[in-house]
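Q: I would like to learn how to read a structure file feature by feature. Could we begin with a term and then work through the model?

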Amino acid sequence: MSLPTSLNQSLVERLEFVHQHLPTPPGLVVEGRLVRMVGMTLEVVGTYAPIGGRCKVLHPGGEAVIAEVVGFNNDRLFLMPVGETHGLAPNARVIPLSGGVKIDVGFSMLGRVIDGRGQPLDGKGGLVADGAVSLAGTRINPLHRQPITKPLDVGVKAINALLTLGQGQRLGLMAGTGVGKSVLLGMMTRYTSADIVVVGLIGERGREVNDFVRHNLGVEGLKRAVVVATPADDPPLMRMHGAMLATAIAEYFRDQGLNVLLLMDSLTRFAQAQREIALAIGEPPASKGYPPSVFAKLPQLVERAGNGREGSGSITAIYTVLAEGDDQSDPVVDSARGVLDGHIVLSRAIADSGRYPAIDIESSISRVMIELISKEQYAKAQLFKKLYSLYQQNQDLISVGAYRRGANPEVDAAIAKHPQLMAFLSQSIDERFDFTQSLMALNKALA
Ligand SMILES: Nc1ncnc2c1ncn2[C@@H]1O[C@H](COP(=O)(O)OP(=O)(O)OP(=O)(O)O)[C@@H](O)[C@H]1O
Ligand SMILES: [Mg+2]
């Protein structure tokens, strides 16, 4: 083995050679220099690290800043800081760190609130690790995944009975702001039959984290939950890591044979974090300001949820997607619809009318439902949706008294049943309906 010295060889090639063949002795790690910083992007020359690799940026008198390689241009690496950048100065030394990003995980995480690095935020002391997992996860051959065959009880009757979720299903919760996403996620965390709930609070307001943990989860909900919080003021890379970490923790518990419910609020903020990073390193925007890499990252994240190999458990995942004013053309909404196995739409008009959870039954769909419940039950759910839709379509006529009873027997039935259907769709925050109770309530509403 000899070190290539040809003048034609680029610095990158030579450094790559060093990296591959001589990585261990610390004296041989090639240090780089910080030459430019624009916004949150650090430009480094003189060293080599692969995409996703980490570097330590040293600065005199301060703690080292950890940064991750997000792009390169010839010999120049683009890095994004994972934490604070205060105190960085020109020409700072940059030392590549070996190995991928591993995060300690374990059952001591239950009941805890942690940040995107896996560090506790709740001041309840350190965590005991049972193992370490890769932030990026490991791919499962799609043919080795268990199919979705069993329903998951989420404790909300409208979802259990009309939009039945399967263990290992991935679903979008599409809604605008303030229509009850957090309350609904909190209810599912408290009432689900899943063994463990992992909640990722990504890029939301910092105040909301506390609110969600105290009010929506409560002491009971938190007991078997892990909350990963990376609020809006965290650097974009940290916000992305928060989503990846929540997924990695869910993967860990799934691989222990447990059924995990992963709730991510929100996928839109994850996409926006990737947009910030991609734009900062010069990727051109394509769709409504989103560069193409955003739409590559979404499926990469979402595909990690789902059922595991034979013998492991499942990750049922619900990702909230911000859809203001029912904007179907929003590229994140569009892309999410494509990669998920169904969506629940929360409607502002329904929330404004005071019915909670404000699930728009007509626009929501669970693509795997038909395989999870009996034919009779499925027929009942279809009948419910039909009666509900008929009423909605004729609502204008009905409300002004222009509809004459007897004109259409189906509409007559829809009008007669309407109060029961509405009552079925409402559920107060402190009420739980398990799977059997949900089906019984549906039967009663249609009786
Ligand atoms: N099941 C419910 N029963 C009664 N009220 C509810 C219910 N769900 C939501 N609400 C009301 O709606 C308000 C907003 O709900 P929530 O905070 O969950 O919305 P959000 O979609 O998470 O908002 P944001 O976009 O700001 O995060 C709550 O403060 C509450 O008053
Ligand atoms: Mg919320």
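A: Start with burial: a residue is buried when its relative accessible area is under 20%, exposed when over 50%, and partly exposed in between. This is a predicted model. Met-174 has a relative accessibility of 2%, so it counts as buried.

Q: Where is Met-174, and which residues does it touch?
A: Met-174 belongs to strand β12. Leaving out residues up to four places away in sequence, Met-174 touches Val-321, Ala-323, Val-333, Ala-336, Arg-337, His-343, Ile-344, Val-345 and Leu-346. As an example of sequence distance against spatial distance, Met-174 and Ser-347 are 173 residues apart in sequence, while their C-alpha atoms are 8.7 Å apart.

Q: Which strand does β12 join in parallel, and through how many bridges?
A: Strand β12 (residues 170-175) runs parallel to β18, and three bridges join them. Within this pairing, Met-174 stands opposite Val-345 of β18.

Q: How do the side chains of β18 point, and are they buried or exposed?
A: Strand β18 covers residues 342-345. Gly-342 and Ile-344 point one way, His-343 and Val-345 the other way, and all are buried.

Q: Which strand runs antiparallel to β18?
A: That is β19 (residues 365-366), joined to β18 by two bridges. Gly-342 has Ser-366 of β19 as its bridge partner.

Q: In what order do the strands of the barrel follow one another?
A: To read a barrel, follow the pairing from strand to strand until it closes. Here six strands close in the order β1-β2-β5-β4-β3-β6, with antiparallel pairing. From one strand to the next, the twist averages 45°.

Q: How many bridges join β3 to β4?
A: Four bridges join strand β3 (residues 54-57) to strand β4 (residues 65-73), and the two run antiparallel. One pair to inspect is Arg-54 with its bridge partner Glu-68 in β4.

Q: Which helix lies across β3, β4 and β5?
A: Helix α5 (residues 236-255) does, and it runs at about 95° to β4. Strand β5 covers 76-81.

Q: What should I look for in the backbone torsions?
A: Look for exceptions: most residues other than glycine have a negative phi, and most peptide bonds are trans. Asn-74 has a positive phi of about 50° although it is not a glycine. Asn-74 is in the loop between β4 and β5, and with a relative accessible area of 66% it is exposed. Asn-91, also not a glycine, has a positive phi of about 70°. Asn-91 sits in the loop between β5 and β6 (93-97), and its relative accessibility of 49% makes it partly exposed.

Q: Where are the cis peptide bonds from Asp-265 to Ser-266 and between Tyr-356 and Pro-357?
A: For the bond from Asp-265 to Ser-266, omega is near 10°. Ser-266 is found in the loop between β15 (259-265) and α6 (267-280). For the bond that joins Tyr-356 and Pro-357, omega is about -10°. Pro-357 lies in the loop between α9 (348-352) and β19.

Q: Which residues touch the most other members of the largest nonpolar core?
A: A core is read through the contacts among its members. The largest nonpolar core has 67 residues, and Ile-159, Leu-162, Met-188, Phe-384 and Phe-424 touch the most other members. Met-188 touches Val-154, Val-156, Ile-159, Leu-261 and Ile-318, not counting residues up to four places away in sequence. A second, separate core of 54 residues includes Ile-103, Leu-267, Tyr-319 and Val-345.

Q: How many helices and strands are there in the chain, and what does it span along its principal axes?
A: The chain contains 13 helices and 19 strands. Its C-alpha trace spans about 90 × 40 × 40 Å along the principal axes. Of its 447 residues, 52% count as buried. The chain exposes about 20300 Å², with carbon and sulfur atoms supplying 53% of this area.

Q: What pLDDT does the chain average, and where is it below 50?
A: The chain averages a pLDDT of 87, and 92% of the residues score at least 70. Over residues 23-27 the pLDDT is below 50, and this stretch has two contacts in the model beyond near neighbours in sequence.

Terms used: Residues are numbered from 1 along each chain as its sequence is written. Chains are lettered from A and ligands numbered from 1 in the order in which they are written. This is a predicted model: local features need pLDDT of at least 70, side-chain atom pairs count only at pLDDT 80 or more; totals for chains, interfaces and linings use all residues. Side-chain values use heavy atoms; hydrogens and water are left out. Two strands pair if DSSP finds at least two bridges between them. Axes are lines fitted to C-alpha atoms, for helices over the stretch in contact, and angles run from 0 to 180 degrees between N-to-C directions. Contact means heavy atoms within 4.5 Å. pLDDT is the predictor's confidence in each residue, from 0 to 100. Buried means under 20% relative accessible area, exposed over 50%, partly exposed in between (1.4 Å probe, protein chains only). Accessible areas come from the Shrake-Rupley method with a 1.4 Å probe; for residues, only the protein chains shown count as cover. A nonpolar core is a set of buried Ala, Val, Leu, Ile, Met, Phe, Trp, Tyr and Cys residues joined through side-chain atoms within 4.5 Å.
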